[in-house]
Amino acid sequence: VQLVESGGGLVQAGGSLRLSCAASGHTSSSYAMGWFRQAPGKEREFVAAVSWSEVTYYADSVKGRFTISRDHAKNTVYLQMNSLKPEDTAVYFCAWGPVATSAAGRYDYWGRGTQVTVSS
């Protein structure tokens, strides 16, 4: 499975961005997808995840501001990010795995990441 993220960039605080992650390869089985992020000098942290049946999970820090969704026909997951804050600045990674979880170790495949920078 190959994952390619897009949609990152520079935005002012309070602005919005939408990230996309397209999956290709052996994607015929049911799978979950998640978003994680890593800021400089910090560990990778969970952001959001969506199950095959489209049940969603969020980190407390993004709940109410971010929305994860998926398009089965396109094998793509999205992360709509609103009311962005400088502390959201990080490299955002998408991940592919059998279950939607906040545990990074449960995901089998990862994208290379896309940079999101929020200026104050």
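The structure is a predicted model, in which local features need pLDDT of at least 70, side-chain atom pairs count only at pLDDT 80 or more, and totals for chains, interfaces and linings use all residues. Residues are numbered from 1 along each chain as its sequence is written, and side-chain values use heavy atoms, with hydrogens and water left out.

**Aromatic pairs**

- The whole structure contains 7 aromatic pairs (ring centres of Phe, Tyr or the six-membered ring of Trp within 6.5 Å; planes under 30 degrees apart are stacked, over 60 edge-to-face, the rest tilted).
- Phe36 and Phe46 form an edge-to-face pair, because their centres are 5.6 Å apart and their planes stand at 70°.
- Phe36 is buried, with a relative accessible area of 1% (buried means under 20%, exposed over 50%, partly exposed in between, with a 1.4 Å probe and protein chains only).
- Phe36 also pairs edge-to-face with Tyr107, at 5.4 Å centre to centre and 80° between the planes.
- Tyr107 is likewise buried, at 5% relative accessibility.
- Tyr31, Trp52, Trp96 and Tyr109 are linked into a cluster by ring pairs.

**Charges over rings**

- The charged end of Arg70 sits over the ring of Tyr31, 4.7 Å from its centre (NZ of Lys or CZ of Arg within 6 Å of the ring centre and within 35 degrees of the ring normal).
- The charged end of Arg44 sits over the ring of Trp110, 4.8 Å from its centre.

**Thr114**

- Thr114 is buried, with a relative accessible area of 12%.
- Beyond its neighbours within four places in sequence, Thr114 is in contact (heavy atoms within 4.5 Å) with residues including Gly8, Leu19 and Tyr92.
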